[in-house]
Amino acid sequence: MTYAEFFSEVKGQFMEADISDVTEHLAYQFNIIGDASGIFYVEAKEGKLYVEPYEYFDRDAMFTCKAETLMKIASGKLDPILAVTTQKLKVEGNIDKALRLKDLIESKRKKEKSK
């Protein structure tokens, strides 16, 4: 899988999140290593979600992992806290805001179930 293919797929996963209850600004940078390596950011700002293939220097947290790991997290097949515990996901920055990543992913699943 190329980075472009991976980014397109993961962006689709994140854009399904319901951020209507997110009142704070969240900005995450993802550093993908191994196959499909590259960088992108996810930002929740003023009720909108942005996912772009660029570095984000004013980020709250930075995550580093393989593309496969992030796809499992984004699809709900791997808990992000378990991924950190098993060292499949490295986190730097504001841990409280980093933990909100799990909320974003779970909001997507709740949105899917309500359809």
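The overall dimensions of the chain and the packing of helices H1 and H2 are described below. The model is predicted, with local features requiring pLDDT of at least 70, side-chain atom pairs counted only at pLDDT 80 or more, and totals for chains, interfaces and linings using all residues. Residues are numbered from 1 along each chain as its sequence is written, and side-chain values use heavy atoms, with hydrogens and water left out.

The chain contains four helices and five strands, arranged along the sequence as α-β-β-β-β-α-α-β-α; helices (H or I, at least four residues) and strands (E, at least two) are DSSP runs, numbered from the N terminus. The C-alpha atoms occupy a box of roughly 35 × 30 × 30 Å along the principal axes. Of the 115 residues, 42% are buried (under 20% relative accessible area, 1.4 Å probe, protein chains only). Among contacts (heavy atoms within 4.5 Å) with a separation of 6 or more, 67% involve residues 24 or more positions apart.

Helix H1 (residues 3-15) and helix H2 (residues 67-74) have axes that come within 10 Å and cross at roughly 20 degrees; axes are lines fitted to C-alpha atoms over the stretch in contact, and angles run from 0 to 180 degrees between N-to-C directions. H1 and H2 are therefore roughly parallel to each other (angles under 35 degrees). On the H1 side, Phe 6, Glu 9, Val 10 and Gln 13 make the contact, meeting Ala 67, Leu 70, Met 71 and Ala 74 of H2. By class, the contact of H1 with H2 comprises six nonpolar, one polar and one charged residues (Ala, Val, Leu, Ile, Met, Phe, Trp, Tyr, Cys and Pro count as nonpolar, Asp, Glu, Lys and Arg as charged, and the others, Gly among them, as polar).

How values were computed. Angles under 35 degrees count as roughly parallel, over 145 as roughly antiparallel, 65 to 115 as roughly perpendicular and the rest as oblique. Buried means under 20% relative accessible area, exposed over 50%, partly exposed in between (1.4 Å probe, protein chains only).
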